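Hello,

Here is the structure I promised to pass on to you. Please have a look at it first, and then read on for my notes.

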Amino acid sequence: IYGGTYPDGLVFKYHPKTGFEEVSDGPIYAGENYVRGLVYNKKDKKIYAGTGSNAKFILLNPKTKQKTVLLPHVKDFKEFFYDMDIVYNVNGKDLILGFINSNTNSQSFVYDIQSKEILRSLPPFDMKSVVKDPKSNTIYYTSRSQVYALDLGNKNAKPIAISDIKGAGKAGTWTSKGEYQVFSNAQLVYRINPKTKQKDSLTLDVPNSPIHIQTIYWGPDDK
C-alpha cells in the first residue's frame, strides 16, 4: 500500500511483513505539506502524486526515490491537486485523470503518460466513481448527482448524461453483466445498464459516525 502524509508531505509504503517505509526521501516537493492525490502505475511501477497547497504534479520512483516535477508551467495548477485515477489501454495509451481545486478554478483533466501532455480539460467530477468499460474506451463517472459516459478514445467527445443518483459517487465498479455500479454518500448503491439506461438502487443501513470538529471560533456574542 502506498500513501501520502500531512503536514510532512511524504509518500510511504506499507507491507504487512515489513511495516512502514518512507519512499519519497523527504517531502515529495520542498515546501508542500499535503500529498492529496496518489496513483500507482502498475506498468512502470512508479507513483504519480499531487500536492497542496500549490498543486504540484510529481512523478516518483519508489525504488530510487527520484522525483520529477511534471507540467511545471501549467497556469491552471493552483492550490490543491486532489484525487487522481489511472485508466489503462485507451487506444494504446495510459491516462491519468486528475482534479484541481482552488478558490478561482476547479477542473478535471486527462494526462497522457506516454506523451507527457494534457489531452483535455473537463468539468469537475467524482474521481472515486470512475470506471472504464473493459470492452471499450468509455469511462463512467458521477458529477453533481448525474451519471456520465465519456469516450476517452475520442478527444472531441463530450460527456453524456445517462442517469441520475442521489449524492456523490464514492466508489464504482463494473459488473459481470456489463453494468456500472456506484456507491453514493447518500447510502445508496446504484446499478445502471448503459445500453438500456435501466437503473436499480439499494438503500444501505450504514451506521453514522462522529466527525471531529476542526475549527472553533468565538462568535459576536462571545459564545
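In these notes a residue is buried under 20% relative accessible area, exposed over 50%, and partly exposed in between, with a 1.4 Å probe and protein chains only. By that rule Asn91 is exposed, because its relative accessible area is 54%.

Two words on conventions. This is a predicted model, so local features need pLDDT of at least 70 and side-chain atom pairs count only at pLDDT 80 or more, while totals for chains, interfaces and linings use all residues. Residues are numbered from 1 along each chain as its sequence is written, and side-chain values use heavy atoms, with hydrogens and water left out.

Asn91 is found in the loop between strand S8 (80-90) and strand S9 (93-101); strands here are DSSP runs (E, at least two residues), numbered from the N terminus. Although Asn91 is not a glycine, its phi is positive, at about 55 degrees. Lys65 is another non-glycine residue with a positive phi, near 70 degrees. Lys65 is found in the loop between strand S6 and strand S7 (67-70), and Lys65 counts as partly exposed because its relative accessible area is 30%.

There are cis peptide bonds to look at as well. One joins Tyr6 and Pro7, with omega about 5 degrees, and Pro7 is found in the loop between S1 and S2. Another joins Gly52 and Ser53, where omega is about 15 degrees. Ser53 has its place in the loop between strand S5 (46-52) and strand S6 (57-60). For background, most residues other than glycine have a negative phi, and most peptide bonds are trans.

**The three-stranded sheet**

Three strands form an open sheet in the order S1-S2-S3, with antiparallel pairing. Two strands are taken to pair if DSSP finds at least two bridges between them. Strand S1 (2-4) and S3 are the edge strands, each pairing on one side only. On average, neighbouring strands of this sheet are turned by 30 degrees against each other, direction ignored. The axes behind that angle are lines fitted to C-alpha atoms (for helices over the stretch in contact), and angles run from 0 to 180 degrees between N-to-C directions.

S2 and S3 form a hairpin with three residues between them. Strand S2 (residues 11-15) pairs with S3 in the antiparallel sense over four bridges. Within this pairing, Phe12 has Glu22 of S3 as its bridge partner, and Lys13 stands opposite Glu21 in S3.

Phe20 lies in strand S3 (residues 19-22) and counts as exposed because its relative accessibility is 62%.

**The core**

Which residues have the most contacts inside the largest nonpolar core? They are Tyr48, Phe57, Phe77, Phe81, Ile96 and Tyr111, in a core of 17 residues. S6, S8, S9 and strand S10 (106-112) are the elements that give two or more residues to this core, and S8 gives the most, with four residues. A nonpolar core here is a set of buried Ala, Val, Leu, Ile, Met, Phe, Trp, Tyr and Cys residues joined through side-chain atoms within 4.5 Å.

**The four-stranded sheet**

Further along, an open sheet of four strands has the order S12-S13-S14-S15, and its pairing is antiparallel. Its edge strands are strand S12 (126-132) and strand S15 (160-164), each pairing on one side only. S14 and S15 pair in the antiparallel sense over four bridges, and Gln146 stands opposite Asp164 in S15.

Arg144 lies in the loop between strand S13 (138-143) and strand S14 (146-151). Arg144 is exposed because its relative accessible area is 74%. From C-alpha to C-alpha, Arg144 and Asn41 are 28 Å apart in space, and they are 103 residues apart in sequence.

Best wishes
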